[in-house]
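Please read them alongside the structure shown here.

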2 protein chains.
Amino acid sequence: MFAKAPYARWVSAVERADASRISHAEVKNHRQLRALATAAVAIGIWFAPVPVGVDPKAWQLFAIFAATIVGLILQPLPMGAVVLVGVTLSTVTGTLHIEEALNGYANATVWLIVAAFLFARAFSKTGLGRRVAYLFIRAFGHKTLGLAYALGLADLVLAPGIPSGAARTGGVLFPVVKSLATTYGSEPGPSADRIGRFLMLSAYQVHAVTCAMFLTSMVANPLIAELTRKTLGIDITWSGWALAASVPGAISLLILPYVILRLTRPTIRETPEAAALARNELQRMGSVRREEWVVLGVFLLAFVLWITGSITHLNATAVALLGLCLMLALGAISWQDVLEERAAWDALIWFGGLVGMATMLSKLGLMTWFSSHVGQYVDGWSWPLALIVLVCVYIYSHYLFASLAAHATAFFVPFLTVAVAAGAPPYMAALAFAFSSSLCASLTHYGGGPSPVYWGAGYADVKQWWSVGLVASLLHILIWIGIGSVWWRVLGLF
Amino acid sequence: MFAKAPYARWVSAVERADASRISHAEVKNHRQLRALATAAVAIGIWFAPVPVGVDPKAWQLFAIFAATIVGLILQPLPMGAVVLVGVTLSTVTGTLHIEEALNGYANATVWLIVAAFLFARAFSKTGLGRRVAYLFIRAFGHKTLGLAYALGLADLVLAPGIPSGAARTGGVLFPVVKSLATTYGSEPGPSADRIGRFLMLSAYQVHAVTCAMFLTSMVANPLIAELTRKTLGIDITWSGWALAASVPGAISLLILPYVILRLTRPTIRETPEAAALARNELQRMGSVRREEWVVLGVFLLAFVLWITGSITHLNATAVALLGLCLMLALGAISWQDVLEERAAWDALIWFGGLVGMATMLSKLGLMTWFSSHVGQYVDGWSWPLALIVLVCVYIYSHYLFASLAAHATAFFVPFLTVAVAAGAPPYMAALAFAFSSSLCASLTHYGGGPSPVYWGAGYADVKQWWSVGLVASLLHILIWIGIGSVWWRVLGLF
């Protein structure tokens, strides 16, 4: 349908904070064709006969919403612009009142995402993220495998506060991984197999797991929780998410680096120099500065308040905003930092627009109609089989995507609805698709936020990348759906 | 209470798009003291006895709101951060539910402001703004006074599409004014009185008038319309605003440059070289590029749709968003331009937060209570006298402010409420304070968005600036309240 490589490169780049580096030519690649296809979806549905039992307004909005989703996949314009066009059309066509069209911009989940991006900025601006990575390397980095675990631990510890894989594993950890590889003279080419290829692939694969583990560790996770609430009425809290993910997450983090070590066979196995490098870097950074203490304190406070949210009744967004205000008041980040965090504004526009449209679709009764409609077709299916098949299709459809968020936005609700209609326990199905939304990043060299950076570093070719990704994805299905469902049963979630 | 010069310089700078140039030292100036004073307001009101007839929640919110307004004046943190703290406190204290606290971010007026900032960016990025200025100079710029009128016309024509004085009169027109002065060897110092001082002061003073003339020509105007709607239930539309302002605005624009010419007495009166300069610049710019045509077309479309809003029932925000989408789709601005427009995000945060709090105060019944309460005290006043006194106090209180938006936000509703309680016709009073909110920029060299640039150019000293400003303000009261009220009577507005 379209050339994969430039498309993927471009879309991934858009998701990253430093999207300004994309060349104009790439953006223009088949743009008109993709715009036409997107418009065709809108027009086709708009003028199709309205199904019995559906409000005509709901059908019009569905036409705009469906075209917006297709637009997010084909991207005739960057994602934010696509959604803005959708929001604008919904009101200019008279389908929604202007305040209905804008309702998503007051959604608490959307502002949780905005605040989380600003947390990420504080971590990288103050250097706290790098310091954490070097601390773990100094402690556990004496062997090659230990080095991978140290990087994984750093990723895990930073995950609750840095919701963007691009910022966390790409921005904060990549420079550390690269300098470790360089220390051992491992560069792209023949020396890649000394240690660089292993570290790069391990760090990237671990990121897919850490993304799945917290409500605030991947940009689309709060949206997924919101969609679950809207679709099924199930409230996945911050601590509920973390608890459900803890056991399968821990197992994945333990097994993955070892499996990748066996697959990539690095020639260097002892790494005393890495610990020395970490010691040097930490010495160069000096003692922890005031700004870092502030970020650390705020992060711990937010962490505690997030975990205890069901007791204190403090909303997760309120906690994140409180943390942001404290960092501003104590000078850990400046107001200019906030205004310059383009990734936050990008997320605001496109998540806000989508959440707004989804809310109105649900208010206008389309979701209910869709669920009951689907129910007729899947009646009598065996739900365990249906769920497994659906999860596999959900995960492997990510071969076609270059953004976790776009993939989850497009497919999460329909897949979940069908699984539940087939009889799967709602909470279990929601968790399965929620976690799969991050885990599928493992598959390709363009499938996740940090992939352009790690792929661009040049330590692995497509075959190496994809085979490691395939093995990781099979492991994930085994661990997260197999062991995971037992764990969720133990927790009494279904 | 605080040192005027650095405070004013700092606050004005914050309002400008390029606030990043402020030095850290300036920001820190008495910061703790100002933070303490702001907190004292919140705590004082919070723990004061709740007046009879007021919902305790409303009183708590009022404490936070009042402290936020004081914070906007004292600015212990930049305006956006102050409002964000207010919004966060309103929900963390349990006063508002999180979605109530965020409701302003779905407000149509707030998004009109955001979209308008992006219009401004399109004008300056494509060079269309400068081209318009040079076209007028080529046509009317053969004499010194004609030059001032040409600049005024350019400002007027750009005003509906560029809502920020800093962007319009500062960003687009200032470089033109400066190069005109330089052409005549008029630099700061002895040669300033050749032509530079006159042009600088005239361009600055004209900006206060153009800011008053359209709903979309000053950043706080949509907020003023929104507050009028919330306070009095009066809907000032885009065309209603423009019509009411047209006659006094035209008179001001005709008289002001001439009066300033008499006050500043430039020694050069004939300027054939200016027209030549404009011709050269236009030649150098070449023919109108595709992007400029797009911006021009979109601007004209938006203009027509804004004027005909009451017939088409298209909301002003929907029109602005439509224009923005067209400019994105046709490539006149890029999505990166949108994400980098920090002034838009700044405005979103602080207008959205304030509108949200004001909406909730009104819902909780505080506005109604306040109006009826004030009514007892001003009963029996002569309303024309009361209105004149109130407008004068409103205008001259701007000596204490360095931001039109902060001034209007703090004072518009209380002054309007008192005037109406004293018996003034509501629509007339609303217009009087609405227009005064922009006209008061004339007073000082720190009172408006573009003042740091024009003042910083160094062509006038404080005495010259303030005396011209005082004369202009007296003229404005005469023209806008005197002639204006007759015109509004003719229109049947009261």
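1. Helix 20 of chain B and helix 22 of chain B are oblique to each other; angles under 35 degrees count as roughly parallel, over 145 as roughly antiparallel, 65 to 115 as roughly perpendicular and the rest as oblique. The axes of helix 20 (residues 366–378) and helix 22 (residues 404–421) of chain B cross at roughly 50 degrees and come within 8 Å. Helices are DSSP runs (H or I, at least four residues), numbered from the N terminus.

2. This is a predicted model, in which local features need pLDDT of at least 70 and side-chain atom pairs count only at pLDDT 80 or more, while totals for chains, interfaces and linings use all residues. Residues are numbered from 1 along each chain as its sequence is written, and chains are lettered from A in the order in which they are written.

3. Within this pair, B:Met367, B:Phe370, B:Ser371, B:Val374, B:Gly375 and B:Val378 of helix 20 meet B:Val413, B:Pro414, B:Thr417, B:Val418 and B:Ala421 of helix 22 (contact means heavy atoms within 4.5 Å). By class, this contact has eight nonpolar, three polar and no charged residues; Gly is counted among the polar ones.

4. B:Val52 is situated in the loop between helix 3 (31–47) and helix 4 (56–74) of chain B. With 80% relative accessibility, B:Val52 counts as exposed (buried means under 20% relative accessible area, exposed over 50%, partly exposed in between, with a 1.4 Å probe and protein chains only). Its C-alpha atom is separated by 14 Å from that of B:Met367, 315 residues apart along the chain.

5. In chain A, 18 of the 18 residues of helix 11 are buried, so this helix is largely enclosed by the rest of the structure.

Key. Side-chain values use heavy atoms; hydrogens and water are left out. Axes are lines fitted to C-alpha atoms, for helices over the stretch in contact, and angles run from 0 to 180 degrees between N-to-C directions. Helices (H or I, at least four residues) and strands (E, at least two) are DSSP runs, numbered from the N terminus.
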